[in-house]
Amino acid sequence: MQVITTAQQTTDSGWTWTQTAALIVPCIALFGAYLTYTLSQRAVRRESRAKTFAEALATVEEYLEMPYRIRRRSESSPAVRQQLTDEVSGLLARMAFHQAWLQIEASAVAGPYSALVATARAEAGAQMSLAWQHPRSPPKAG
């Protein structure tokens, strides 16, 4: 009985290590390209999500600043009152949009964001009502 080594079997069958390497190298390259694409897509999604979270928080911050804007309005004309009321309405719509988006895309933070919005509406809403009732206080010079 003759013992044939692995190298001899490979050579005898016509398949060489060069051919094996020629198959393995492109497979490794494809896997590397796939891994790079997957990681870059994950980073893009993470960045987009962070930007949307920041926009959601900025909307709440803008809403919280509205009592000061109302108090410091340039005049008490109907046009100015309408403009400020439209801004408040737009902010409420944006906060509702962000609440819905978070409920769909990031349910783990949807509850805390809803609590933040509810608190902001309660606090700033009461302050806005008071600001409308008082005469305007223009910004201080210098």
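Predicted model: local features only at pLDDT ≥ 70, side-chain atom pairs only at ≥ 80, totals over all residues.

Biologist: Okay, so what does helix α4 reach from its first C-alpha to its last?

Modeller: α4 has 27 residues and reaches 39 Å, close to the 39 Å expected at 1.5 Å a residue.

Biologist: And how far does α3 reach?

Modeller: α3 spans 40 Å from its first C-alpha to its last with 28 residues, which is close to the expected 40 Å.

Biologist: Let's zoom out. How many helices and strands does the chain have?

Modeller: There are four helices and zero strands. Following the sequence along, you get the pattern α-α-α-α.

Biologist: How do α3 and α4 pack?

Modeller: α3 covers residues 78-105 and α4 covers residues 107-133, and they pack at an angle of about 165 degrees with their axes 8 Å apart. Angles over 145 degrees count as roughly antiparallel, therefore α3 and α4 are roughly antiparallel to each other. Their crossing is left-handed.

Biologist: Which residues make that contact?

Modeller: On the α3 side they include L84, V88, L92 and M95, and on the α4 side they include V109, A110, Y113 and V117. Sorted by type, the residues of the contact of α3 with α4 are eleven nonpolar, six polar and three charged.

Biologist: What about α2 and α4, what angle do they make?

Modeller: About 10 degrees, with the axes of α2 and α4 7 Å apart. Under 35 degrees counts as roughly parallel, so α2 and α4 are roughly parallel to each other. The contact of α2 with α4 divides into 19 nonpolar residues, two polar and two charged.

Biologist: Switching topic: which residues are buried in α4?

Modeller: A110, Y113, V117, A120, A124, M128 and A131 are buried in α4. What covers them includes α2, which is residues 17-71, and α3.

Biologist: Why would residues three or four places apart point the same way?

Modeller: An α-helix has 3.6 residues a turn, so residues three or four places apart end up pointing the same way.

Biologist: Nice. Which residues are buried in α3?

Modeller: In α3 the buried ones are V80, L84, V88, L91, M95, H98 and L102. Their cover includes α2 and α4.

Biologist: What share of the chain do buried residues make up?

Modeller: Buried residues make up 19% of the 142 residues in the chain.

Biologist: Now pick a residue for me. Where is L116 found?

Modeller: L116 is in helix α4. L116 is partly exposed, with a relative accessible area of 34%.

Biologist: Which residues does L116 touch?

Modeller: Not counting residues up to four places away in sequence, L116 touches L57 and V60. L57 is 59 residues from L116 along the chain, yet their C-alpha atoms are separated by 9.1 Å.

Biologist: And what is V109 in contact with?

Modeller: Leaving aside its neighbours within four places in sequence, V109 is in contact with F53 and L102. V109 is in helix α4 too, and it is partly exposed, with a relative accessible area of 34%.

Biologist: One last thing: among contacts between residues at least 6 apart in sequence, what percentage join residues at least 24 apart?

Modeller: For this chain that comes to 75%.

Conventions:
Residues numbered from 1 in each chain as written. Heavy atoms only, no water. Axes fitted to C-alpha atoms, helices over the stretch in contact; angles between N-to-C directions. Helix = DSSP H or I, 4+ residues; strand = E, 2+ residues; numbered from the N terminus. Parallel < 35°, antiparallel > 145°, perpendicular 65-115°, else oblique. Left-handed = near helix turned anticlockwise from the far one by under 90°. Contact = heavy atoms within 4.5 Å. Nonpolar A, V, L, I, M, F, W, Y, C, P; charged D, E, K, R; others polar. Expected span 1.5 Å × (residues − 1). Buried < 20%, exposed > 50% of the residue type's maximum accessible area, 1.4 Å probe, protein only.
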